[in-house]
Amino acid sequence: MNLKKRLRYKFAGVIVLAVVAGLIAYPKAVAKIPPVYNALNKLKINLGLDLQGGFRLEYNADLSQIDSAKRAEAMQSLQAAIERRVNAFGVSEPNVSIARSGSEEHLIVELAGVRNVEQAKSIIKSAPLLEFKTEKIDTPNQIPQTQLDAENKAAQAEADNVLQLAEKPGADFAALAKQYSQDPGSKDNGGDLGEVTKGEMVPEFDNALFDSNPKDWNGDIYGKVVESQFGWHIIKKISANGSGATEKIHAAHILLAKATQPQPQVSYVSTGLTGKNLQNAKVDFSGQDLGGVQIALQFDSQGAQLFDQITKNNIGKPLAIFLDGQMIEAPNIKTEIPNGQAVITGSFTLDQAKQVVQNLNEGALPVPITLVSQESVAATLGQTSLTTALKAGIIGLIIVLIFMIVYYRYLGLIASLGLLIYTVLMVSIFKLSPLTPWGVTFTLSGIAGLILSIGMAVDANVLIFERTKEELRAGRKLNSAVNEGFKRAWPSIRDGNFSTLLTSLILIWVGTGFVKGFAIILIIGVVVSMFTAIVLVKIILQFTLGAWAEKRMWLIARVKNSKEEKV
């Protein structure tokens, strides 16, 4: 294949690339071809929060139970879990980032285009917090028995005194209950217990209310203090309905509590095994009664080792399983479990079990989070920012095109054509990126990066054209001068753009939010601008320049003669 034929193919490739990119960028050009238009019109640019409007949520992560050496890992796990939950919600290109506020670790979630923020917040929080805790029993100091006996004797005497007060004509039982009763469940209601049926209360109370001799009653007040395991009761019968097994009595009481030894306090201590160690969860029917379901869990290698150690050290003791802070069950550990498998056998329906499994697999939160800040960006404000930024970009592009054409004439015209191809290529990349794993979100800072890359694309052409003019002054033929101009300008273009790329990578590494958006767009813009300025513009010039241009050098550049150079 000779050089001319190869050049024709290259030029045809440039035309095809420009047309395809142009149609992707502006599908209305094929509006009269519905199948093509409909397919291209589905491609949209992902607009960021500042351009599309939406919500910015900031969460505080509770790392108090996480070892300081593992907090960075826990935050990364939390970030990944929230991203999976938000993606499942259907948010287009959510931005989930980690930030530090003083000594606190915060997670920032930006939801562009979201209107129902309450639903989004519930989706984020619905990611279940799975925890495994061991039981800790604190036994308080025992009270001397003589002290207990003295306190109970005084309480019984107080009950006898309250009974006498309640039996007085016109006595206000509700007021007495509020003054003397030690039953927190009924005291504020004047001792009212509502309607009760036989068997609901403790046996002593039940017998007095339902089986006592009518002679034992002084009107509606039971004439004796009733002692039970809880203390001493003064009972009032307000009304009765029905009879026999269906009898319901509306009752009230005043309780003088019995002093007892303080009971051991049970609390649960974190084992370090949480949802971050979960590899997989699934609904399981084995080992359950007919119709019952359980949730089978499989831990990762780190979780399996931790679970093995926990079960080994706590044989015969309960291991509590908490989901979103609620204890589901606390089965006793019968033996060491080295395979990293566990089951949750709470009272789940099949639908409930499926939902819990789905939530666990989509992202079990490794640490608790609390919403501390919520900001909204109105869609109208975002649209205004977008319109203003695009207007500035278009004006800047037009000014650059005019300058290139006026100053560099035909070379500037081809550079301007390359700049337009660059523009439609960039728009096409933004539209196609959501179809790839590396979707690009277009933000206000990204527009700044795009405009800056336009200037860098022109800068490359300026270097090339100035070198070309020098070669023409040195007496080279036009095509040779153009080729030499590209060749000699390349090292400067390469070094300048490499420095920009390196700086942008550093910004991505250390920056957050808008800074990253600026750097990412700038990197894409620099790479594409180098392609258009060095490859596409060169092909167009090589194809279009010929004998006609040699005869009309004034269209290419103003080449000084020797006399002008001496002056």
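Me: At what angle do the axes of helix H6 and helix H7 cross?
Reply: The axes of H6 (residues 145-167) and H7 (residues 173-180) cross at roughly 160 degrees and come within 10 Å. Helices are DSSP runs (H or I, at least four residues), numbered from the N terminus; axes are lines fitted to C-alpha atoms over the stretch in contact, with angles from 0 to 180 degrees between N-to-C directions. This is a predicted model: local features need pLDDT of at least 70 and side-chain atom pairs 80 or more, while totals for chains, interfaces and linings use all residues. Residues are numbered from 1 along each chain, and side-chain values use heavy atoms, without hydrogens and water.

Me: Why are H6 and H7 called roughly antiparallel?
Reply: Angles over 145 degrees count as roughly antiparallel. The crossing is at roughly 160 degrees, so H6 and H7 are roughly antiparallel.

Me: Which residues make the contact of H6 with H7?
Reply: Glu158, Val162, Leu165 and Ala166 of H6 meet Phe173, Leu176 and Tyr180 of H7, where contact means heavy atoms within 4.5 Å. Six are nonpolar, none polar and one charged (Asp, Glu, Lys and Arg count as charged; Ala, Val, Leu, Ile, Met, Phe, Trp, Tyr, Cys and Pro as nonpolar; the others as polar).

Me: What makes up the lining of the second largest pocket?
Reply: The lining has 22 nonpolar, four polar and three charged residues. A pocket is an open set of points on a 1 Å grid where a 1.4 Å probe fits, with protein on both sides within 12 Å along at least five of seven lines; lining residues have an atom within 4 Å of a point. H11 gives the largest share, 16 residues.

Methods: Helix = DSSP H or I, 4+ residues; strand = E, 2+ residues; numbered from the N terminus. Parallel < 35°, antiparallel > 145°, perpendicular 65-115°, else oblique.
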